[in-house]
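Please consider the sequence and structure shown here.

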Amino acid sequence: MERTLDVASYRAAVGQMPTGVTVITSVGERGPSGLTASAVCSLSLDPVLFVVCMDLGSRTLAAVRHSGRVGVNVLAEDQRWLAAHFASKAPEHEKFGTIEHREIDGVPVLNGVVAWLTGELRELLPGGDHMIGVAEVVSADAPGGAPLVHHRGVYRALSE
Ligand SMILES: Cc1cc2nc3c(=O)[nH]c(=O)nc-3n(C[C@H](O)[C@H](O)[C@H](O)COP(=O)(O)O)c2cc1C
């Protein structure tokens, strides 16, 4: 089949899919790491597994490889600034320097999130320019509240 797809069409198509906004966290050789991620989902109930997709060039992937642990923080609608913050390439120590968090099961959990999960890495599978991490859940909690949504390239509240 002849391929005529351009990346802009692909991005426009997947951008129509609303997603939650998470921060994937871990602890690497130099301390805590975190990146804003929408490519996160539930995978299995028996065993309890979730999936996180991480860019090959991300420092958080290096931290996950190092520790074998991964956290998922589901952002609240008033945490857009955290989404922008963790999407940046600021030095890693600056990314966590002023951010309120605690460490649970060896990964950073951010304050004020609507839900969080911690997990142990079970598999790291190649997926183009990303790696697909499969993790088994160690702990999870859902403090609740309104989640932040990403749709067509912008952050939205569910009520917008
Ligand atoms: C809305 C949004 C969703 C994103 N989703 C992902 C994702 O699922 N996986 C990923 O690796 N990067 C994703 N990114 C990009 C990372 O957040 C970005 O590359 C970050 O700077 C990586 O940080 P690090 O190198 O400190 O780990 C997303 C960015 C935004 C703004």
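The model is predicted: local features need pLDDT of at least 70, side-chain atom pairs count only at pLDDT 80 or more, and totals for chains, interfaces and linings use all residues. Residues are numbered from 1 along each chain as its sequence is written.

Helices (H or I, at least four residues) and strands (E, at least two) are DSSP runs, numbered from the N terminus. Seven strands form an open antiparallel sheet in the order E3-E2-E6-E9-E10-E5-E4, where two strands pair if DSSP finds at least two bridges between them. Strands E3 and E4 stand at the edges with a single partner strand each, so one side of each is left without a neighbour in the sheet. E9 and E10 pair in the antiparallel sense over 11 bridges; Thr118 has Ser139 in E10 as its bridge partner.

The largest nonpolar core has 27 residues, and Val52 is among those with the most contacts inside it. Such a core is a set of buried Ala, Val, Leu, Ile, Met, Phe, Trp, Tyr and Cys residues joined through C-beta atoms within 7 Å; buried means that 20 or more other C-beta atoms, placed from the backbone, lie within 10 Å of the residue's own.

Around the ligand there are 18 residues, with Ala37, Ala39, Asp55, Ser58 and Thr60 coming nearest; a residue counts if its C-beta atom, placed from the backbone, lies within 6 Å.

E3 gives the most, with four residues.

Methods
Buried ≥ 20, exposed ≤ 12 C-beta atoms within 10 Å, placed from the backbone.
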